[in-house]
Amino acid sequence: MDSGQGPGCGPEEARTVFLLVHTGRPAAIRSAELVIKGLLRCGLGVRLLRHEAGDVSLPAEVELVEESTPDVLDGCELLIVLGGDGTLLRGAEFARASGVPMLGVNLGRVGFLAEAERDDLDKVVDRVVTKEYEVEERMTLDVLVRTNGDVVHRDWALNEAAVQKVSPERMLEVVLEIDGRPVSGFGCDGIVCATPTGSTAYAFSAGGPVVWPEVEALLMVPISAHALFAKPLITSPDSVLAVEVQTGTPHGVLWCDGRRTLELPPSARVEVRRGSVPVRLARLHHAVFTDRLVAKFALPVSGWRGAPH
């Protein structure tokens, strides 16, 4: 990044950007320092969590906040997240609760939620300063757990809600339901209920289809099911998916985005529906999802000739 004033520097109105960073990685620390210096040089305010700022060399102008609750983003126009998939999902928790758009910079491996890579930091700063980004909304899941008919837990997910077995030596016996009607029952390692955003995450590893983000749908993907009919299912975004853990089976566990967990006793029922609150993502460019898919998975496309003109 050059040390002079870049395009768009010196904004007239007071603007603040929140920075969330995985400071356990040296690359993340260096990236954070570059982003902070670039934003401050152009007159934007920068806010960080104090307990994450210890390893970062911070100018005096940086605002440090104590609590890691959504209201720490009050007054911020953007949340920039530097890190791998786990950090990006953590950022999504802040983005959903606050309504502030999240711009992810991938410092990990795949990073489908990220909009930029480590080498794009100068572009990220320039686009943020000049407000050359668009905001899109990504569908989420609302997750409800019942035992004996009573609601005992509520959660949400951006990627997926996964019901999994706990005991490695015994399968989890479940019955699947869609829109109030039973579909099939079998023993399995688990069931993944996912959004299109999550179709390239855990659902993909379980053998589910890749769904383009603009498609509104819900996915239900069995994991290692012992059944003839145990195929991935794609339903309407208005459907309600349910996984019932059968009595007499070992305890299961619910994971939401691989971050929040709940033990599920036998007879527990997990209901998944379209989330009432989306996650807002900041986009820097208009690359189609096909190109993103090819780049992220390094798919072989040599020999492609394209449509005839």
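Predicted model: local features only at pLDDT ≥ 70, side-chain atom pairs only at ≥ 80, totals over all residues.

Colleague: What makes Arg 47 and Glu 63 a salt bridge?

Modeller: The N to O distance between their side chains is 3.0 Å. The cut-off is within 4 Å, from a side-chain nitrogen of Lys or Arg to a carboxyl oxygen of Asp or Glu. The pair therefore meets the definition.

Colleague: Where do Arg 47 and Glu 63 sit in the chain?

Modeller: Arg 47 is in strand E2 (residues 45–49) and Glu 63 in strand E3 (residues 63–65). They are 16 residues apart.

Colleague: Why is Arg 47 called buried?

Modeller: Its relative accessible area is 10%. Buried means under 20%, so the label holds. Glu 63 has 35%. That value falls between 20% and 50%, so Glu 63 is partly exposed.

Colleague: How do you know that Glu 115 and Arg 283 pair up?

Modeller: Their side chains meet at 2.4 Å, N to O. The limit is 4 Å, so this is a salt bridge.

Colleague: Why do you say that this pair ties parts of the chain together?

Modeller: Because Glu 115 lies in the loop between strand E5 (102–106) and strand E6 (116–117), while Arg 283 is in strand E20 (residues 279–283). The parts are 168 residues apart in sequence.

Colleague: Are Glu 115 and Arg 283 buried or exposed?

Modeller: Glu 115 is at 4% relative accessibility, and Arg 283 is at 9%. Buried means under 20%, so both values qualify.

Colleague: What links Arg 146 to Glu 271?

Modeller: A salt bridge at 3.0 Å, N to O. Arg 146 is in strand E8 (residues 141–147), Glu 271 in strand E19 (residues 269–274), and 125 residues separate them. Arg 146 is partly exposed at 26%, whereas Glu 271 is buried at 6%.

Colleague: Which residues do salt bridges with shared partners join into one network?

Modeller: Arg 146, Glu 177, Glu 244, Arg 269, Glu 271 and Arg 273.

Colleague: How many salt bridges does the structure hold?

Modeller: The count is 19.

Colleague: Which residues form the nonpolar patch on the surface?

Modeller: Leu 299, Val 301 and Trp 304, with about 360 Å² of accessible area together. Val 301 is in the segment after helix H5 (289–297).

Colleague: Why is Val 301 called partly exposed?

Modeller: Its relative accessible area is 48%. Exposed means over 50% and buried under 20%, so Val 301 falls in between.

Methods. Residues numbered from 1 in each chain as written. Heavy atoms only, no water. Patch = residues over 30% accessible without salt bridge, like charges linked within 9 Å, V, L, I, M, F, W, Y side chains within 5 Å. Areas by Shrake-Rupley, 256 points an atom, 1.4 Å probe, with all protein chains shown as cover. Helix = DSSP H or I, 4+ residues; strand = E, 2+ residues; numbered from the N terminus. Buried < 20%, exposed > 50% of the residue type's maximum accessible area, 1.4 Å probe, protein only.
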